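Trainee: Hi! Could you walk me through this one? I'm new to it.
Mentor: Happy to, just ask away.

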Amino acid sequence: MQKKLANKKAQVKIQEMAFVLVAIVILGGIVFIFFSKFQLANVQKAAETVKQKEAISLLERISAMPEIKCAERGVEKFCIDQDKLEIFIPMAASSAYIKQWQGMQKVSISNIWPDEKEWTIYGKWQGNFTYSTFINVCKQEFKEASSWTCSLALMEISYS
Amino acid sequence: MEKRGVIEFNWIFAVIVGAAILFLAIFFVGRLTGTTQYLSETELAKNFDILLNPFASIGGIGQVSLAKTIDMPQAIQINQTCNAKENRITMFLRSESSIGKKWGEWSAPNQIYNKYIFSGSFMEGKSFDVMSKSFEMPFRIDDTIYILDKDYCFVNAPSSVKEELEWINLTKVQFVDSASACTTASLKVCFDMSCDIKISGQCVDAGCADKYDYGTVQKSGKSMDYATSSLMYAAIFSDSAAYNCETSRLISRLKSIAGILKQKASRLSGCPTTELISKLSDLESSSSSSIIDIYKISQEVNNANPIECPIF
């Protein structure tokens, strides 16, 4: 009788310990889930920051690309050459250049004054976030001497 | 006796389960530390790439070189390989760790498509001199970026080289009149003399501004042809594998830009561009693997650029 009682007591104690351990494991699991979500949010934020920096630096790089930048006698002017831009656009999606756009959704230049015109360098759909900068788009003409006619434009880069 | 046996089993059970929980906790903390380190190294690699962005567009405002010393918070190792076929550089980075092993995990590969970086394939240090220069042949192609992790000693350098590199004030570059004045650890760069890196200028034609406009750089038993000072510095500051690959990438880009200029020349009505279009065609379709041959064609393109309506 005493032996049976002792065994029952021991079993109850073991069960108590088992329940405590199960509770600790469940608590640990809940803490782990919250921590993982927090870490994931941090990683997403870091990725977002990197993409922002890439978009801003890409604005600068595109306006300096020799494929579209104005140049005369080795001196580069601060403008986009309209002829070179129109020649370059069909090449922008080729394997030689596609990686330059680094995952951006759309890269475009829109003339805003004196006349309106849009050139889409890459992409079709506007992303959720857009960075832009004002630039000049100029066309070289030759009548007895070389001259440039310029218009004000907005270069935009968007990503999602 | 039986009571003692029951108590002992209880304790044994507690110890086994406790040990298992401790083991699992330590295991997961270890995995988490590894993941966090991988994440921070990958972020560092991406930020290093972004740090190089200003150097990649300096040519846009002229031919002037730009140089800056980049100091990292802790020592880093950079491993980079160039792939001419895929037109990219793959960069791995890791930093010194204060916990456990000396070096952390290598970062995720960072693929760089929009820069031309001339450096050793493996670099280590806390401070790097970064320099960039516009590469023009004869029109601007892009900016070449040089990353220096070692010290260089230029012996009897020509005045053009000395003036340019002294003006931008690189900390890892020293100019001396004789090789004996160089510090022991530095790599000696000599002009038409044998030493660690030997530059041999070969430009003696009428159109040459300087003997060193093109020539060869001999380094570590290998010979690299160069044309323009941009590629001369590239051959000095990088290893031959990186140099050949990056030069190949630059030549592809040069041909692409030549094609654009050729089409632009044909659009500009009234402007005498026939000869220029022909020379640009030669440049675009050149199958020569010699950078010096391509340079000579580019000089013909430059001479054919009409004065009254320059295309570039």
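This is a predicted model: local features need pLDDT of at least 70, side-chain atom pairs count only at pLDDT 80 or more; totals for chains, interfaces and linings use all residues.

Trainee: Which residue does K115(B) meet in a salt bridge?
Mentor: Its partner is D49(B), at 2.6 Å from N to O. K115(B) sits in the loop between strand 3 (110-112) and strand 4 (116-118) of chain B and D49(B) in helix 1 of chain B, so the bridge ties together parts 66 residues apart in sequence. Helices (H or I, at least four residues) and strands (E, at least two) are DSSP runs, numbered from the N terminus.

Trainee: Are K115(B) and D49(B) buried or exposed?
Mentor: Both K115(B) and D49(B) are buried. Buried means under 20% relative accessible area, exposed over 50%, and partly exposed in between (1.4 Å probe, protein chains only).

Trainee: And what about D143(B) and R140(B)?
Mentor: Their side chains also form a salt bridge, 3.1 Å from N to O. D143(B) counts as buried because its relative accessibility is 1%, and R140(B) is buried with a relative accessible area of 5%. Elsewhere, salt bridges that share partners join D83(A), E86(A), K117(A), K139(A) and R267(B) into one network.

Trainee: New topic: how many aromatic pairs turn up over all chains?
Mentor: A search of the whole structure gives 21. Rings of Phe, Tyr and Trp (its six-membered ring) pair if their centres lie within 6.5 Å; planes under 30 degrees apart count as stacked, over 60 as edge-to-face and the rest as tilted. One of the pairs is W101(A) with Y122(A), stacked at 6.3 Å centre to centre with 25 degrees between the planes.

Trainee: Where do W101(A) and Y122(A) lie?
Mentor: W101(A) is in the loop between helix 2 (82-88) and strand 3 (106-113) of chain A, while Y122(A) is in strand 4 (residues 117-122) of chain A, so the pair links distant parts of the chain, 21 residues apart. W101(A) counts as buried at 1% relative accessibility, whereas Y122(A) is partly exposed at 23%.

Trainee: What about Y233(B) and F237(B)?
Mentor: Those two are stacked as well, 6.4 Å centre to centre and 25 degrees between the planes. Y233(B) and F237(B) both lie in helix 3 (residues 228-237) of chain B, 4 residues apart, about one turn of the helix. Both are buried.

Trainee: Last one: where does S132(B) lie, and what does its side chain reach?
Mentor: S132(B) is in strand 5 (residues 122-136) of chain B and counts as buried at 0% relative accessibility. Its side chain reaches the backbone oxygen of F55(B) at 3.1 Å.

Key:
Residues are numbered from 1 along each chain as its sequence is written. Chains are lettered from A and ligands numbered from 1 in the order in which they are written. Side-chain values use heavy atoms; hydrogens and water are left out. A polar contact is a pair of N or O atoms within 3.5 Å; within protein, one must be able to donate a hydrogen and the other to accept it, and residues adjacent in sequence count only if both atoms are side-chain atoms. A salt bridge is a side-chain nitrogen of Lys or Arg within 4 Å of a carboxyl oxygen of Asp or Glu.
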